[in-house]
Amino acid sequence: MPKNCESDDCGTKSDFCGGLIECNTCNELEFCNQQHRCECANQSCGDQCCAKQELCEDGSCQPFAPLQWVTGRPGDFDRQFVKDISLNSDGSSVLTGYHSNSSLEREIAVLHLSAAGEILWQRNIVGNGSKDGGEDVAVWSDQSAIVTGEFTGPVVFGLGEPNQTTLDSSGLFLAHFEQEGSLNWAKQIEILDR
């Protein structure tokens, strides 16, 4: 007896008779996940999916607003790179990346900008490596931020703060910053061999 798509939204399944059954396809803003369900490729917004150039506001997808501000980070760095940005529900954003001087030593950078582009807080995590840098950032519902990235050699998170943390070896890090910018915790990510 041939098998049908049953409750699967999408994908290709075996009919158990040597053939394949093509289930429905997802729309252009979705992809078919491993559970054969259509999932938003970008941001989910209520019961719809937003396009890359849209944000979810008040339960509906809205186009990005035209550029309203541009800001720069003052300092004596030759290179400054933003690797990721996460938008908060209040219009502010948290950015991560790195900056470096002419000796190519890099500092991990995490900044929180207001909706108007003003720096609300900034954390420079100082190490001594040429690969130090934030890669990804996410903002939680309480407006705190979690940042992941890479570091070489010892690096100090939250210098002078109660939760100051030194990671001694090289590798990947995961750090959690409270809404006002103080360090909650920082950990080195251990990659386990299988």
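## Disulfides

A disulfide here is a pair of cysteine sulfur atoms within 2.5 Å. With that cut-off, a search of the whole structure turns up five of them. The model is a predicted one: local features need pLDDT of at least 70, side-chain atom pairs count only at pLDDT 80 or more, and totals for chains, interfaces and linings use all residues. Residues are numbered from 1 along each chain as its sequence is written, and side-chain values use heavy atoms, with hydrogens and water left out.

Let us look at Cys26 and Cys38, whose sulfur atoms are 2.2 Å apart in their disulfide. The torsion about this S-S bond is about -95°, so the link is left-handed. Cys26 sits in the loop between β2 (20-22) and β3 (30-32) and Cys38 in strand β4 (residues 38-40), so the pair ties together parts that are twelve residues apart in sequence. Strands here are DSSP runs (E, at least two residues), numbered from the N terminus.

Another disulfide joins Cys45 and Cys56, with sulfur atoms 2.1 Å apart. At 70° about the S-S bond, this link is right-handed. Cys45 belongs to strand β5 (residues 44-45) and Cys56 to strand β7 (residues 54-57), eleven residues apart. Are these two cysteines buried or exposed? Cys45 is buried, at a relative accessible area of 0%, and Cys56 is partly exposed, at 27%. Buried means under 20% relative accessible area, exposed means over 50%, and partly exposed lies in between (1.4 Å probe, protein chains only).

Cys50 and Cys61 also form a disulfide, their sulfur atoms 2.2 Å apart. Its S-S torsion is about -90°, so this one is left-handed. Cys50 lies in the loop between β6 (48-49) and β7, and Cys61 in strand β8 (residues 60-63), so the pair ties together parts eleven residues apart in sequence. Both cysteines of this pair are buried.

## An enclosed strand

Strand β10 (residues 93-100) has eight of its eight residues buried, so it is largely enclosed by the rest of the structure. In a regular strand, side chains alternate between the two faces of the sheet. Both faces of β10 are covered, with Ser93, Leu95, Gly97 and His99 buried on one side and Val94, Thr96, Tyr98 and Ser100 buried on the other.

Strands count as paired if DSSP finds at least two bridges between them. β10 pairs antiparallel with strand β9 (residues 79-87) over eight bridges, and Asp84 stands opposite Thr96. The hairpin of β9 and β10 has five residues between the strands, and there Gly91 takes a positive phi near 90°. β10 also pairs antiparallel with β11 over eight bridges, where His99 has Glu107 as its bridge partner.

## The four-stranded sheet

An open, antiparallel sheet has its four strands in the order β13-β14-β17-β18. Its edge strands, β13 (133-139) and β18, each pair on one side only. The twist averages 20° from one strand to the next.

## The largest nonpolar core

A nonpolar core is a set of buried Ala, Val, Leu, Ile, Met, Phe, Trp, Tyr and Cys residues joined through side-chain atoms within 4.5 Å. The largest one has 17 residues, and those touching the most other members are Val110, Ile125, Val155, Phe157, Phe173, Ala175 and Phe177. Elements giving two or more residues to this core include β11 (106-113), β14 (145-151), β17 (171-177) and β18 (183-189).

Take Ala175: leaving aside residues up to four places away in sequence, it touches Ala145, Ile146, Val147, Phe157, Leu183, Trp185 and Ala186, where contact means heavy atoms within 4.5 Å.

Key. Axes fitted to C-alpha atoms, helices over the stretch in contact; angles between N-to-C directions.
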